Amino acid sequence: MSRLVAVSNRVSSIRSAPLAGGLAVALVDALRENQGLWFGWSGKTVAETSEIPTVTQEGEVTLATVDLSHDDHEAYYSGFANRGLWPLFHFRLDLTGYDRGHFEAYQRVNTRFARCLLPLLRDDDLIWVHDYHLFPLGSALRKLGAKQRLGFYLHIPFPPRELLTTLPQHETLVRALFDYDLVGFQIEDDVKRLAAYVEQDLGGKVGPGWMEAFGKRLRIEAFPVGIDTARYHEFAFSSHGQREWIRLREFLRGRDQIIGVDRLDYTKGLVRRMNAYELLLDSHANAHGRITYLQIAPISRGEVVAYQDFRRELEQHAAGINGKFGQVDWVPIRYVNEAIPRRRLAGLYRASRIGLVTPMRDGMNLVAKEYVAAQDEKDPGVLVLSRFAGAAQQMKQALLVNPYDTEEVAGALERGRTMGVEERRNRHQALMRGLLEEDVAHWRKRFLDALKQND
């Protein structure tokens, strides 16, 4: 059996992965099954970027990490990846910053990662590279002579060609994809966006499941990522989840709760979400004192100025709504920047009548799936979901909304608040069936099976 080599910007402890969520959960079981290798940045910044990786063993999995210099981290990670690619790929051209020095650092760090990884590889390894930080890694490995099967998976959206071509290095970035054997996107719309660029800007060819350009053929497909649905449902009814559920129900004293859980990020639509909640309270006086909104937003990329400004705006907005509607015994919005462990969070989801997931643009959004998985099937809550989240393609039984339309979101909140139990059960049953069928194991298997296939 081929060994799996996973490469991501950041490497997590295998022991803490099931509680951390995200990419770690998606990869850990596959790495254990294949006695795999996980390679990436250590999370440490030092005086000079590492030339030799630090290799440790955690059970069946080998971890290999590289420290980054302060300058490389600033330019590669905070600079090109998160001031350039992140806003551009989320369709926020107004927040996108282009700096050629940052792009040079991005290329340099990826080349250094490749040099550190190459001596650790075996001839029959399957290499799975993850996300926008590492577009050029496959090209760097090929230039060093790597012959192994190479797959790349983009966890965030892919932009339309009209936006992509504003990036000065757009062709270099896309050319790097053609050094992989397989590229996976979250949804079919992302595949179509790249196809339009390849045909119209590169003069390439596109067919079902493949693209040709630069004299190479690339296999490409949508692989929507899932969650460990059964395990997350168990979290909600575990001792941790049950304790959190009981504590919150006692605190709410019969009030219904709306919950939002998002990284503090301008792509998540948090200000517009608060506007919709404010409109709900303006329009429905009978909701006063009977509903509350809990927004959990752990601080993300706090060193980036756009995020600092956004945090201040959000805090002021929440305070304004509380000042306008709040009563002695009722606070309309509770806004916290605390990161909540997944087991506790499952209990909070279960205690909430509405899960509010309204990003302006998102690759998938696993919070939507976790909220549904945590519900009590006898008395489930209602998911209000942005149609611009990748999850909307799979979760048609949610209340799908346009996050730019404040009135539509407010109307969905009122509908969710007053929805009868029979309709809630029917919607939840259909959503859970989809989450169980297309869980994280299904996603992993589909991608790795496709990567193993030789054209």
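Student: Which residues are buried in helix H7?
Tutor: This is a predicted model, to start with. In H7, residues 170–177, the buried ones are His 170, Leu 173, Val 174, Ala 176 and Leu 177.

Student: Where do they sit, seen down the axis of H7?
Tutor: They fall within an arc of 150°, so they line one face of the helix. In general, an α-helix has 3.6 residues a turn, so residues three or four places apart point the same way.

Student: New topic, the open sheet. What's the strand order?
Tutor: S13-S12-S11-S14-S15-S16, six strands with parallel pairing.

Student: Which strands stand at the edges?
Tutor: S13 (333–336) and S16 (399–401). Each has a single partner strand, so one side of each has no neighbour in the sheet.

Student: And what's the twist?
Tutor: It averages 20° from one strand to the next.

Student: How many bridges pair S14 with S15?
Tutor: 4, in the parallel sense. In one of them, Val 357 has Leu 385 of S15 as its bridge partner.

Student: Which strands does helix H14 lie across?
Tutor: S11, S14 and S15. H14 (residues 366–373) runs at about 170° to S15.

Student: What about H15?
Tutor: H15, residues 406–418, lies across S11, S12, S14, S15 and S16. Its angle to S16 is about 170°.

Student: Last one. How do the axes of H9 and H13 cross?
Tutor: At roughly 75°, coming within 7 Å. That makes H9 roughly perpendicular to H13.

Student: Which residues make the contact?
Tutor: H9 gives Tyr 232, Phe 235, Ala 236 and Phe 237. The H13 side includes Leu 345, Ala 346 and Tyr 349. By class, the contact has 7 nonpolar, 1 polar and 3 charged residues.

Note on methods
Residues numbered from 1 in each chain as written. Predicted model: local features only at pLDDT ≥ 70, side-chain atom pairs only at ≥ 80, totals over all residues. Heavy atoms only, no water. Axes fitted to C-alpha atoms, helices over the stretch in contact; angles between N-to-C directions. Helix = DSSP H or I, 4+ residues; strand = E, 2+ residues; numbered from the N terminus. Parallel < 35°, antiparallel > 145°, perpendicular 65-115°, else oblique. Contact = heavy atoms within 4.5 Å. Nonpolar A, V, L, I, M, F, W, Y, C, P; charged D, E, K, R; others polar. Buried < 20%, exposed > 50% of the residue type's maximum accessible area, 1.4 Å probe, protein only. Arc of directions from axis to C-beta. Pairing = 2+ DSSP bridges.
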